[in-house]
Protein chains: 2
Amino acid sequence: MNASTHQAHPLPAALIAALRQRFSDKFSTALVVREQHGRDESSFAAPPPAAVVFTESTQDVADAVKLAGEFSVPVIPFGVGTSLEGHVLAIQGGISVDVSRMNQVQAINAEDLTVTVQAGVTRKQLNEAVKSTGLFFPIDPGADATLGGMSATRASGTNAVRYGTMRENVLALEVVSASGEVIRTGTRAKKSSAGYDLTRLLVGSEGTLGVITEVTVKLYPLPEAISAAICSFPSIEAAVRTTIQIIQLGIPIARVELIDSNTVRMVNNHSKLQLKEEPLLLMEFHGSPASVKEQAELVQEIAAGFGGTAFEWATTPEERTRLWTARHNAYFAAIQSRPGCRAISTDTCVPISRLADCLLDSVIEADASGIPYFLVGHVGDGNFHFGYLIDPDKPEERELAEKLNHSLVTRALSLEGTCTGEHGVGLHKMDFLVSEAGEGAVEMMRTIKRALDPKNIMNPGKIFRL
Amino acid sequence: MNASTHQAHPLPAALIAALRQRFSDKFSTALVVREQHGRDESSFAAPPPAAVVFTESTQDVADAVKLAGEFSVPVIPFGVGTSLEGHVLAIQGGISVDVSRMNQVQAINAEDLTVTVQAGVTRKQLNEAVKSTGLFFPIDPGADATLGGMSATRASGTNAVRYGTMRENVLALEVVSASGEVIRTGTRAKKSSAGYDLTRLLVGSEGTLGVITEVTVKLYPLPEAISAAICSFPSIEAAVRTTIQIIQLGIPIARVELIDSNTVRMVNNHSKLQLKEEPLLLMEFHGSPASVKEQAELVQEIAAGFGGTAFEWATTPEERTRLWTARHNAYFAAIQSRPGCRAISTDTCVPISRLADCLLDSVIEADASGIPYFLVGHVGDGNFHFGYLIDPDKPEERELAEKLNHSLVTRALSLEGTCTGEHGVGLHKMDFLVSEAGEGAVEMMRTIKRALDPKNIMNPGKIFRL
């Protein structure tokens, strides 16, 4: 029996019988199904969940949670499994509640710039659904994640520098609480002072306080003009300093992504591109034609000041898609550059003025270590990711990567930053969270968790140790 | 003994002695001091707190809360007393913790567009302090409130349509918890997925979960160009429809305020202005000169389509200040229009497409009732305020105002809105909160409150009944 079939926490027979009766063929204990729900894009391994329920309605979720609660068995919400921090891993056993069939777009309120979807709708599906309205949903973490998962991890991505993160863009939620009750938080009004902000408490709670079943988010008018550009730089430092200046001048750039020369090479190989193998910034400008022109001119001027060259423009949707697809495939390009490897991703985010200090020292450390890595960053937000490419069968490589990450996080915290800009704490950053927030704040989180989930059935073992 | 001197909840003598020993002349039980801390801008009356502590440091706050906790005595945080919902009223007795002396601007990080201040700093003081950096803090609820109070009520105001509310603009907090522990939430990084969003939970918690002692907020570059304009309309409906179209077209207007003809008349009298006594929109545009010009032209075109006339521009800072001061004085202008009256303020906020439905029917009802009122609105956010001007000695007038408010809130909730866009629940909207959020969500709030404040000492009796 290997790690992935071993059942550390078998379900009580009475619970299996009750789930089977309630869910019939929406319930599965087949190994292949469980294994699909027992892994994500992280480098962690754990035994798969004991069973999977494919919920098709909020009532399904409520009933699954209630049954699990009767037997004090863990419930792990599952969307499409793109977590990078082990959020969906059944480390304490239990039932994976797969909401991917809950994929209805329920209400497009174009006149209010809002849309309400079931938790299993993915961001690409959402954008397809609202396309004809002239609106779009900007949050783009790269992966085609579900809105439920993006809410649960407070995701962001390439557009956040202009449009914010899930924190700013979720207006309202429907959630099944740990007791199996259906709760609604927030309204479609743009602002509210009506009691505790349960919406923001649940956004980023990583499935530990309930299962998100419905999400209402903001939409934005498709910009009249969009323009994307690539600019190569003689050094990472030059690219970073250009970014800092763009942000400090308040230029409303929509995207500004750093890709280091390592990663450019990997992306060229993977996506058959001929990008200059130097550090580059991939940028996008949104607005009226006049505003886009104005932004672009300013940015070109700043970049030139730091030795930026080869400003290449992509204004047709096809060219832009090609560039952004290459960016989004950086992770896979990197993984494929070292067959059999897994990536250990860092996710620090610091105030923009500290970005150079934080990033450049970490590049020096990574280079000195000899570990293969890729480096990409939502640098306009002060957020960047190293992906250390380790051989999962070599513990010393994992150890080295963890050491580099530890050093990076320590640096970011000393610069008033955070250990995780957008991936969440999951399994991996619990100690970092205590260093960052302090024992008092983490104990406040635990107190909330214990109060709202007294049996500790909601995705236990994530964010903090209880 | 009248209502304001009667002590329903005297402090234990041992607590008084302990507070006097710890705080000496920063502690007062003088009636005049207590009375200053026993009222706000709401129409409610309650006996004053039993004592006031003027805290000068976070440690002072922590010690006051700990001592109160030992005796299970309520703690009511106090800034400058501009609440409109009775937040500072000592309805269950206790100690007013006045943080107004904690008024240091602690760190201006201009290069990161952030500033950290003690909770007693007011928004005008903050803007004065950052003036030389070319940055500003846009949240403007009208009153010169403290940053602590604005955080506690999730305030917003005239600039929120462009810059968001305290929800979007508070990055980090220092808070004294109910147990007297000092907690830090958030960091200066622009985004984070590090655990539960305690910052957002505390923003809007109305002092019921702890005392906010320090606030880190975002700053924005002063716009290169600012232009303000007044436009009169033949009807409230025309002004509202103009607003809806501005928002739906995604024009990044910085302010768009409705003032009805009643209120224009009051403001003219109070501020010696000669505004045309018709419904008007007061607008402001921020951006590059080109962008401001573009926005203004579009808005003029839209307004003209709805019969808007007399577009008057104010581009000098002095002219703008005159206009916005008049707007901010609307409340006082209204109060003075009926000597001895108190205003019962409504605060509904609805999705922008529902604004006309919500507002126009409420105007008809208010007119039919014969009650004097003023009507102003942050209409770009779907938020507006009726102020029903009642004689506090005539219970039938209060009853009529409450009836109108009830009808308005019922309408707003049926239109997917909220009972309070920015003032908070306080004493007055507890039943509305249950109607809006549902018993399940309010019970989730109560569960959090009970867990984080088991003795119920933090501003008890606000937001919900425990």
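Start by selecting Val350(A), which sits in the loop between β16 (342-345) and α14 (355-369) of chain A. The model on screen is a predicted one. Is Val350(A) buried or exposed? Val350(A) has 29 C-beta neighbours inside 10 Å, and therefore counts as buried; the cut-off for that word is 20 or more.

Now show the contacts of Val350(A), leaving out its neighbours within four places in sequence. Among them are Leu355(A), Cys358(A) and Gly382(A), and also Ala189(B), from chain B. Ala412(A), Leu415(A), Glu416(A) and Gly417(A) are in contact with Val350(A) too. Next, pick Gly421(A) and draw a distance to Val350(A). The two C-alpha atoms are 8.5 Å apart, while 71 residues separate them in sequence.

**A loop residue of another kind**

Go to Thr316(A), in the loop between β15 (309-314) and α12 (317-328) of chain A. Thr316(A) has 11 C-beta neighbours inside 10 Å, so this residue counts as exposed. Here the cut-off is 12 or fewer. From Thr316(A), draw a line to Leu452(A): the C-alpha atoms are 50 Å apart, and the residues are 136 apart along the chain.

**Strand β17 and its partners**

Return to Gly382(A), one of the contacts of Val350(A). Gly382(A) belongs to the hairpin of β17(A) and β18(A), where 4 residues lie between the strands, and it takes a positive phi near 80 degrees. Select the two strands on either side of the turn. β17(A) covers residues 373-378, and β18(A) covers residues 383-390. They run antiparallel and are joined by 6 bridges. One bridge to find is that of His378(A), whose partner in β18(A) is Asn383(A).

Which strand also pairs with β17(A)? Strand β13 (residues 255-259) of chain A does, in the antiparallel sense, over 2 bridges. Look for Leu258(A), which stands opposite Gly377(A) of β17(A).

Colour β17(A) by burial. In a regular strand the side chains alternate between the two faces of the sheet. In β17(A), one side carries Tyr373(A), Leu375(A) and Gly377(A), the other carries Phe374(A), Val376(A) and His378(A), and all of these are buried. Since 6 of the 6 residues are buried, the strand is largely enclosed by the rest of the structure.

**A sheet of four strands**

Move to the open sheet of chain A with the order β1-β2-β4-β3. The sheet has 4 strands, and the pairing is mixed.

β1(A) and β2(A) are antiparallel, with 2 bridges; Phe27(A) has Val53(A) of β2(A) as its bridge partner. β2(A) then pairs with β4(A) in the parallel sense over 4 bridges, and Val53(A) stands opposite Val97(A) there. Finally, β4(A) (residues 95-98) runs parallel to β3(A), with 4 bridges between them. In this pair, Val97(A) is the bridge partner of Pro77(A).

Stop at β2(A), residues 51-54, and check both faces. Ala51(A) and Val53(A) on one side, and Val52(A) and Phe54(A) on the other, are all buried.

**Where the chains meet**

Show both chains. 73 residues of chain B are in contact with 73 residues of chain A. The elements of chain B that each supply at least two residues to this side include α7 (166-169), α11 (289-305) and α16 (430-452). The largest share, 14 residues, comes from α16(B). By class, this side of chain B has 26 nonpolar, 29 polar and 18 charged residues.

Where is the kink in α16(B) centred? The kink is centred on Gly438(B) and amounts to about 110 degrees. Buried residues of α16(B) include Phe432(B), Ala441(B), Met445(B) and Leu452(B). Among the elements that cover the buried residues are α17 (439-452) of chain A and α15 (395-414) of chain B.

Last, superpose chain B on chain A. A rotation of 180 degrees with 0.0 Å of shift along its axis does this, with an RMSD of 0.0 Å. That is the relation of a two-fold axis. The copies meet through the same surface, because 100% of the interface residues of chain B are also interface residues in chain A.

Definitions and conventions
Residues numbered from 1 in each chain as written. Chains lettered and ligands numbered in written order. Predicted model: local features only at pLDDT ≥ 70, side-chain atom pairs only at ≥ 80, totals over all residues. Pairing = 2+ DSSP bridges. Contact = placed C-beta atoms within 7 Å. Nonpolar A, V, L, I, M, F, W, Y, C, P; charged D, E, K, R; others polar. Bend = angle between axes of the 7 residues up to and from the residue. Least-squares fit on C-alpha atoms with pLDDT ≥ 70 in both.
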